[in-house]
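This report is written for a reader new to the structure. Please look over the sequence and the model below before reading on.

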Amino acid sequence: MKKTLIALCMLFVAALNVQAQEVVKETEAEKQKRAMELMSIEVDMTVDKELFMQVTPNTYVSEEPKAVIMAMIVPETYENAKAKLENNLPPEFEVKDKGEKMMNGVKVIFMTGVSKAQGTTINSTVYCLKRDADTCTMFMGMSEVGADKKYVDAINAAANSVIKKQ
């Protein structure tokens with residue numbers, strides 16, 4: 001089950017696949033290198049360590065697992081990230097709600113939905129906020145349908161800790 005959630009999480013990230021914007025003519029290798037460098041930067045986030053264990057600097061999974069929390073910095077402008085979130089979703093992801101809203105005084109792009117993989121149904125939430133002119137912070141929270149409310153609450157608390165005025 002743990003492998004299923006992690007695989008689904010990675011599939012979701014790959015589907016979003018936010019890649020470096022071409023300001024100057026960059027090679028594919030340079031774009032990939034920049035994306036990897038940004039994704040390795042630790043995102044300031046508060047996660048309930050009683051429910052989640054850290055598996056990479058910005059990725060946490062619950063023991064059972066019932067949930068996954070991920071955050072990353074992506075090499076994309078806010079407007080380009082918004083367009084990619086709207087147009088690059090995997091076919092197995094059913095969008096329940098999406099748009100822009102103010103959260104903790106910050107304008108964010110959000111999307112919620114459900115996906116199914118290997119007999120497991122996952123509720124997913126994605127938030128994207130502008131970090132600077134060329135990058136955004138992306139937050140993803142996923143939990144199995146029927147997971148205890150404490151996991152959903154922990155995901156929401158982690159999202160709130162990421163989304164704040166800079």
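## A lysine and glutamate pair

This is a predicted model. With a relative accessibility of 33%, E100 counts as partly exposed. The side chain of E100 meets that of K82 in a salt bridge, with N and O 2.9 Å apart. The two residues are 18 apart and link distant parts of the chain: K82 belongs to helix α3 (residues 78-87), and E100 to strand β4 (residues 93-103). K82 is also partly exposed, its relative accessible area being 22%.

## Other salt bridges

How many salt bridges does the count come to? The count is nine. Side chains of opposite charge can pair when their charged atoms come close.

One of the bridges is formed by K96 and E94, whose closest N and O atoms are 2.9 Å apart. K96 is exposed, at a relative accessible area of 53%, whereas E94 has a relative accessibility of 46% and counts as partly exposed.

Another salt bridge lies within a helix. D153 and K149 are both in helix α4 (residues 149-162), where four residues, about one turn of the helix, separate them. Their closest N and O atoms are 2.9 Å apart. D153 is partly exposed, with a relative accessible area of 35%, and K149 counts as exposed at 57% relative accessibility. Elsewhere, salt bridges with shared partners join three residues, K82, E100 and K107, into one network.

## Strands β1, β2 and β3

Strand β2 (residues 59-62) pairs with both β1 and β3. Strand β1 (residues 52-56) runs antiparallel to β2, and four bridges join the two. In this pairing, M53 stands opposite V61 of β2.

A hairpin through four residues joins β2 to β3.

Which residues of β2 point one way, and which the other? T59 and V61 point one way from the strand, while Y60 and S62 point the other way. All of these residues are buried.

## Cysteines without a disulfide

A disulfide is a covalent bond between the sulfur atoms of two cysteines. How many disulfides does a search of the whole structure find? The search finds zero.

Definitions and conventions: Residues are numbered from 1 along each chain as its sequence is written. This is a predicted model: local features need pLDDT of at least 70, side-chain atom pairs count only at pLDDT 80 or more; totals for chains, interfaces and linings use all residues. Side-chain values use heavy atoms; hydrogens and water are left out. A disulfide is a pair of cysteine sulfur atoms within 2.5 Å. A salt bridge is a side-chain nitrogen of Lys or Arg within 4 Å of a carboxyl oxygen of Asp or Glu. Buried means under 20% relative accessible area, exposed over 50%, partly exposed in between (1.4 Å probe, protein chains only). Two strands pair if DSSP finds at least two bridges between them.
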